[in-house]
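Dear colleague,

Please find the structure below, together with its sequence.

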Amino acid sequence: MTSPEGQKDRPVHHLLERGTWPEARYVASALRAETVGGALLLGAAVVALIWANTPWQDAYVALRDYVVGPQALHLDLSLGTWAADGLLALFFLVAGIELKREFVAGDLSDRSKAALPIAAAACGVAVPALLFLGTALLAGGEGDVFRGWAIPTATDIAFALAVLAVIATHLPSALRSFLLTLAVVDDLIAITIIAIFYTSAMHILFLLLAILPLALWWWLLRRGWTNPALLAVPALVAWGLVHASGVHATVAGVLLGLLVPVSKRQEHAADQQSLAERIEHGLRPWSAGLAVPVFAFFAAGVTIGPGGLSATFADPAALGVVVGLVVGKCIGVFGGTYLFARFTKATLDEDLAWSDVFGLSLLAGVGFTVSLLIGELAFGLGSERDDHVRLGVLVGSVLAAVLAAVVLRLRNRHYRQVEAAETRDDDADGVPDVYLRANPTIGS
């Protein structure tokens with residue numbers, strides 16, 4: 001029988017602890033680019049929404065539906081489709097590299113640290129999907145309405161970070177790292193859902209042929225040949241073959257990202273930049289600054305009809321999307337985190353409170369980019385239900401962002417104190433002192 005003294009000596013596990021300095025430095029660099037991209041994304045979405053509701057809305061639709069590309073290769077696609085199938089492949093390429101890095105050298109490489117964001121992300125996918133189905137059913141939905149079950153399952157990290165920048169919150173590094181890791185796992189689940197549930201017809205031959213350029217891409221990177229023009233050849237061929245196979249072409253982006261070599265030793269070295277980090281840093285500005293904003297411009301331009309929002313939310317699918325994003329995401333992420341703490345008998349880090357997790361869970365309901373993509377795949381670009389769903393995604397994401405801003409701003413003074421401690425560097429060695437205290441050998 002364990003004595004009371006033995007119980008006191010048993011180590012206490014803390015959730016959302018501050019990570020290592022290399023991890024914090026990487027997260028800060030990644031989030032800076034995503035914050036700028038988020039601002040561009042918001043701007044593009046606002047411009048599209050305004051344009052689509054002016055007397056010149058026909059010009060917007062004509063631009064979105066303008067077809068370009070070689071017909072002989074079956075790539076004569078509209079600009080809106082090129083944005084969704086082509087440019088978003090770049091977004092998922094960066095996501096694939098992030099995912100590989102997280103599993104090899106980041107927080108997800110440590111099973112004890114990986115369990116929490118994986119559990120929170122899984123619950124944050126399952127609960128919104130169930131609430132979508134329940135809401136649509138109660139609202140009288142039938143037929144193809146249930147194809148949209150996956151729309152409210154994804155978190156848009158760029159949009160979420162743009163919200164944090166707008167409200168000027170000083171979120172602690174542990175929460176920012178958790179948000180990024182959560183979004184990475186979210187993206188993996190989302191692309192798996194797209195590949196499995198939103199592929200209408202599959203041509204196995206083209207999918208098998210795609211293995212050849214994917215293998216060439218991997219071989220070139222292993223040999224250290226990183227010339228962008230050289231790497232673009234197998235990447236584009238792989239994208240084209242995956243597109244021809246019937247699987248959504250963004251899957252090619254994830255596969256390419258997962259094949260980028262990651263060195264744990266280089267990732268943790270203070271004076272080195274790994275190959276994966278160099279490629280990701282080179283691609284991230286194009287992804288966050290071009291691919292996602294252009295997709296948002298073509299996807300967010302929904303025309304609000306004569307019935308306005310009332311007509312939109314008479315559609316059970318749109319109503320299910322809003323409930324899934326605002327309520328489902330919050331319950332899923334917060335509930336998954338809380339249950340994980342209860343089952344593992346862990347406690348939150350001393351710098352954090354459950355209200356911080358609640359605010360972050362609300363922020364996870366910002367599901368812009370991938371939600372719009374899944375909506376298009378579920379109901380067809382330009383269809384009436386797709387317009388309703390797109391407006392539902394916009395309303396749900398904005399509502400989740402506003403609620404998160406209110407909750408997180410209440411703790412902003414405390415966040416400033418934590419940030420001051422995390423950036424203090426009395427010995428001016430480039431590593432904040434709080435990380436040296438946690439690991440005295442980190443600066444040696």
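Buried is used here for under 20% relative accessible area, exposed for over 50%, and partly exposed for what lies in between, with a 1.4 Å probe and protein chains only. By that scale Phe334, at 23% relative accessibility, is partly exposed.

This is a predicted model, in which local features need pLDDT of at least 70 and side-chain atom pairs count only at pLDDT 80 or more, while totals for chains, interfaces and linings use all residues. Residues are numbered from 1 along each chain as its sequence is written, and side-chain values use heavy atoms, leaving out hydrogens and water.

Aromatic pairs

The whole structure contains 12 aromatic pairs (ring centres of Phe, Tyr or the six-membered ring of Trp within 6.5 Å; planes under 30 degrees apart are stacked, over 60 edge-to-face, the rest tilted). Phe334 and Tyr338 form a stacked pair, because their centres are 6.4 Å apart and their planes at 5°. Both belong to helix α15 (residues 316–344); helices are DSSP runs of H or I with at least four residues, numbered from the N terminus. Tyr338 is partly exposed at 34%. Its ring also pairs edge-to-face with that of Trp354, with centres 5.4 Å apart and planes at 70°. Trp354 lies in helix α16 (residues 354–363), 16 residues from Tyr338, and is partly exposed at 29%. Elsewhere, ring pairs join Trp51, Tyr60, Phe297 and Phe298 into a cluster.

Arg64

Arg64, in helix α3 (residues 57–64), is buried at 7% relative accessibility.

Yours sincerely

Conventions: Helices (H or I, at least four residues) and strands (E, at least two) are DSSP runs, numbered from the N terminus.
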